[in-house]
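Good morning, and thank you for the time.

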Amino acid sequence: MSVRYLSEQEARELTRRILERSRADECRVRVQSGVAGNTRFALNQVTTAGDVYDTEVTITSAFGKRSGSANTNSLEGAALAEALATSERLARLAPEDPEHMPALGPQQYAAVPAWFETTAGMTPEVRARAVESATRVAADRGAEAAGYLIQVAGSTALANSAGLFAYHRRTAVHYTVTARTPNGTGSGWAGGAHNDWRRIDAGWIGRTAADKAVRARAPQPLEPGRYTVILEPTAVGNLLQLVGFSLFGQALSARQADEGRSFFSRPGGGNRIGEQIADARVTMWSDPADPELLTSPFDGSGLPLRRIVWVENGMLKNLVYDRFWAQKQGTAPTGSPTGVRMAGGDSSLDQMIASTERGIVVTRFWYIRSLDPRTLLFTGLTRDGTFLVENGRVTRPLYNFRFNESPIQMLRNIELIGRATRVSASESGDIGAAIVVPPLKVRDFNFASLSEAV
Amino acid sequence: MDRREFLRRGSSASALGLLAPDALGRVMTLPRPRRRAEVRDLVLAAIDAARRAGASYADARLSRVRSQSVSTRERRVQNISSSETVGIGIRVLRQGSWGFAATRELTPDEVARAARQAVEQARANRRLQRRPVVLAPVQAFPDAVWETPIRVDPFEVPIEDKVGLLLQANEAALAVKGARFVNSSLFFHREETTFASTDGSFIRQTLYRVQPSLNVTAVTDDFSDFQSRESVEIAPVAAGYEHVTEAKLVENAPRWAEEAVAKLAARPVEPRRYTLVLHPSHLWLTIHESIGHPTELDRALGYEANYAGTSFLAPPEQVLGKFRYGPELMNIQADRTQERALATTGWDHDGVPADQWLLVKNGIFVDYQTTRDQVAWIEQLTGVRRSHGCSYAESWAAVPFQRMPNVSLLPGEEDIGVDELIADTDDGIYIVGEGSYSIDQQRYNFQFGGQLFYRIEKGKLAGMLKDVAYQSRTPDFWNSLDRIGGPRGYFLGGSLFDGKGQPGQSNAVSHGCVPARFRDVNVLNTGRSRA
């Protein structure tokens with residue numbers, strides 16, 4: 001696959017030329033470019049694949065406190081000139097924004113080695129071979145595999161008229177497999193994610209999905225209620241990203257909390273920073289340079305992103321502050337990182353099972369939606385491998401459950417913590433946030449109803 | 001190549017000299033469109049290159065998608081933006097395997113390269129082929145044109161009017177005591193597509209979508225509680241700016257704000273079984289999740305198992321013409337021709353003309369949603385030899401696959417509305433507007449919230465409830481349907497962001513329905529302590 005994206009030099013040149021032509025008081029240019037390749041499969045055969053090359057240039061212009069933005073995916077001079085003119089026109093038409101923040105000047109960014117030739121160089125042939133290993137093992141076990149392998153390679157550059165320039169290039173790959181038994185009574189899933197394709201054990205993913213499908217055949221119902229659960233890392237990631245990533249700016253937004261419309265609002269006013277919100281073993285942070293996260297060292301506004309601890313020993317240490325809200329509250333902005341890591345412990349999944357008299361192993365969750373933002377209550381279902389544990393052993397596959405539960409409650413009711421790993425935590429299997437989480441044993445997890453879906 | 005082109009061309013002042021501001025102060029219209037002949041040459045060159053590289057079938061879609069959004073909160077504009085993406089996607093069949101490649105570089109050489117890349121991919125994919133792809137026949141449409149009927153082009157309306165409308169609506173909401181925050185936005189979308197296939201079709205289409213919305217949040221004085229009310233009765237539709245005008249945001253905002261405040265004082269629901277009267281502004285989403293998705297044929301056969309899931313409506317031979325979805329009065333129509341509906345089009349992305357057909361007839365499941373490559377899987381069972389035209393790709397960069405048409409509950413024969421349903425109910429809950437939604441991967445177990453909940457006692461509304469969600473199992477739920485409204489209660493709901501596929505793609509789809517009543521449904525209380 002030809003890897004096409006803008007190098008740092010090219011991005012500097014392109015953004016410089018756009019900024020030179022700006023007639024606004026302030027101008028910001030963001031350029032993303034790169035390739036994405038994917039192969040999908042189902043019923044043990046490839047169904048579709050795609051290789052796409054695209055770019056995106058977003059120009060934001062400001063006259064005083066008025067601003068507007070326009071974007072285009074063309075790098076042609078006329079299209080860029082048009083986008084620049086559109087952004088300026090929209091800015092002139094916009095009312096003054098009392099919250100407008102002046103452009104950031106030059107910043108220092110962490111060096112994040114997120115580019116791997118092993119990922120950038122994957123061809124459709126390489127992807128098809130990986131897929132073949134999953135379909136072969138599924139066929140050997142009498143199952144049918146469906147799955148998705150997506151790789152991206154590209155760069156993001158940000159520049160403004162105050163002299164700021166930021167550049168980051170990265171690769172990423174997610175690989176997920178669902179195996180099903182042909183009679184439709186068993187389903188198993190496994191997946192992995194990293195910037196480096198070599199860090200994904202495709203063979204293990206294929207084998208685990210097939211093995212789970214076979215073990216999950218003929219599930220039986222169990223009365224819904226509160227159970228001890230052993231959440232595999234992906235299941236933890238599915239829930240944790242609700243607090244820690246996808247709702248950055250919402251669940252973790254300092255502003256929403258201070259405005260009295262968030263779980264993190266303090267009754268009477270203010271927010272809950274400094275309060276114990278989770279088990280004392282829970283520590284969560286973002287750090288672009290963490291070798292397991294490798295996320296962008298700057299956010300969309302150009303703010304440098306560094307290590308920031310959200311929860312330390314169970315205490316809420318930080319919420320997300322954008323530049324405006326930080327200034328208003330007299331604190332430093334945090335920026336909006338795109339990855340989160342939770343500290344691991346030393347329990348293995350086997351130890352969690354062995355120590356459980358009666359509990360439920362969960363592979364992953366699905367269709368997670370907010371039920372009540374006041375209590376950070378979510379609903380969703382288990383999927384693709386839900387098993388009963390009795391007297392320290394996995395005894396049988398179970399029907400799936402719907403949960404109505406808060407990820408905060410999960411973090412409060414922790415019994416055991418395992419080793420943290422990077423997971424493919426987006427339900428869609430697409431390249432999502434970098435999420436590094438441990439498996440957890442959690443008591444009193446609320447399963448509200450049963451699902452016969454396999 | 002393009003970047004050099006820009007660096008070269010961009011350095012000459014002439015490219016920028018054309019940019020005199022629009023005297024009318026209007027938002028930029030499209031950049032000068034590429035000449036139609038040039039577009040035609042590119043799409044034809046693409047399928048020609050694919051054929052020369054060994055494709056037995058090829059299609060090319062060159063699309064230009066333009067969107068504009070304005071968003072505000074309280075008395076400020078948060079964002080005004082305009083976006084455009086242009087490119088070409090080329091799909092090929094070679095020895096029964098699909099390949100797809102897409103590029104933003106619209107030059108003959110690059111388009112030919114992408115076509116060859118698609119064929120290479122099909123070659124790589126064939127090593128795992130078990131059942132070759134077979135396309136159902138379709139008539140050639142060598143010079144077809146279709147456009148969403150609109151009255152006012154939203155891209156021609158001055159931006160000041162849009163900003164002014166939203167800020168005025170916000171002001172109207174904030175005038176209500178207790179309404180502390182308000183967000184409002186307008187979103188406009190135009191999708192121009194030129195499609196050509198080796199089956200001899202050449203089709204140009206322009207689709208429009210528009211969505212106004214407003215969300216009010218009320219917070220108690222002591223910061224102990226908050227509630228929001230979204231303008232869910234204002235659905236996104238395929239129309240022009242007239243839909244924004246008809247939405248009457250300024251006139252409706254005080255009522256939405258009052259309802260947000262009223263929710264703070266609503267009674268917590270007592271969890272148990274109730275009769276539910278569902279307003280169509282709520283019911284459309286239940287139809288989407290529990291009928292729209294399970295009737296997708298790719299899901300039923302396992303093609304979406306890794307993400308969207310499969311379907312309880314399987315295998316086809318055991319359910320087609322046999323499965324009782326609901327009572328006799330239940331008729332569900334799939335339709336890509338309905339005016340204002342989001343999935344309405346002239347031709348789908350396989351080049352198949354729009355269709356209208358029944359999925360559920362008198363309560364019995366009778367057909368699925370299909371694309372050309374799916375017809376052969378069930379034609380022996382249904383007797384339908386054509387595709388129902390459900391192929392769609394969200395952009396030039398995405399591969400087309402089976403997406404949901406507009407799926408609607410047809411009105412009943414009784415000329416009644418929601419008031420009659422409430423008057424005829426002794427002990428129930430009336431739900432308005434969609435809220436939280438979640439359903440399992442085979443579409444059995446679902447749980448839905450809403451915007452507004454009212455207790456029904458002895459045929460009358462008896463106060464507002466909160467923390468309501470109902471949970472059921474699709475066949476049980478639809479078989480508990482016992483009465484539906486007539487045409488006068490018809491409402492077209494919908495979503496711009498129905499997700500499916502890997503990579504995930506958004507499909508815009510509408511669902512028409514009438515108010516309906518369901519007996520003996522399990523209702524939960526979702527309230528929890530905030531401690």
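Let me begin in chain B, where B:Pro503 sits in the loop between strand 21 (491-500) and strand 22 (505-513); strands here are DSSP runs of E, at least two residues long, and helices are runs of H or I, at least four residues long, both numbered from the N terminus. The bond joining B:Gln502 to B:Pro503 is a cis peptide, its omega being about 0°.

Before going further, two remarks on conventions. This is a predicted model, in which local features need pLDDT of at least 70 and side-chain atom pairs count only at pLDDT 80 or more, while totals for chains, interfaces and linings use all residues. Residues are numbered from 1 along each chain as its sequence is written, and chains are lettered from A, and ligands numbered from 1, in the order in which they are written.

Chain B has another cis peptide bond, from B:Ala314 to B:Pro315, with omega near -10°. B:Pro315 lies in the loop between helix 9 (297-301) and helix 10 (316-319) of chain B.

Two residues other than glycine have positive phi. For B:Lys248, phi is near 50°, and this residue belongs to the loop between helix 6 (242-247) and helix 7 (249-264) of chain B. Is B:Lys248 buried or exposed? B:Lys248 is exposed, because 12 other C-beta atoms lie within 10 Å; the cut-offs are 12 or fewer for exposed, 20 or more for buried, and partly exposed in between, with C-beta atoms placed from the backbone. For B:Arg340, phi is near 70°. B:Arg340 is found in the loop between strand 10 (332-335) and strand 11 (356-361) of chain B, and is partly exposed, with 19 other C-beta atoms within 10 Å.

I turn now to chain A. Its secondary structure comes to 10 helices and 19 strands, and buried residues make up 63% of its 454 residues. The C-alpha trace spans about 70 × 60 × 35 Å along its principal axes.

Chain A is divided into domain 1 (8-213) and domain 2 (220-454), with bounds from an automatic or database domain assignment. The contact between them takes 35 residues from domain 1 and 24 residues from domain 2, where contact means C-beta atoms, placed from the backbone, within 7 Å. On the domain 1 side, strand 4 (144-160), strand 5 (165-180) and strand 6 (187-194) of chain A each supply at least two residues.

Conventions: Two residues are in contact if their C-beta atoms, placed from the backbone, lie within 7 Å.
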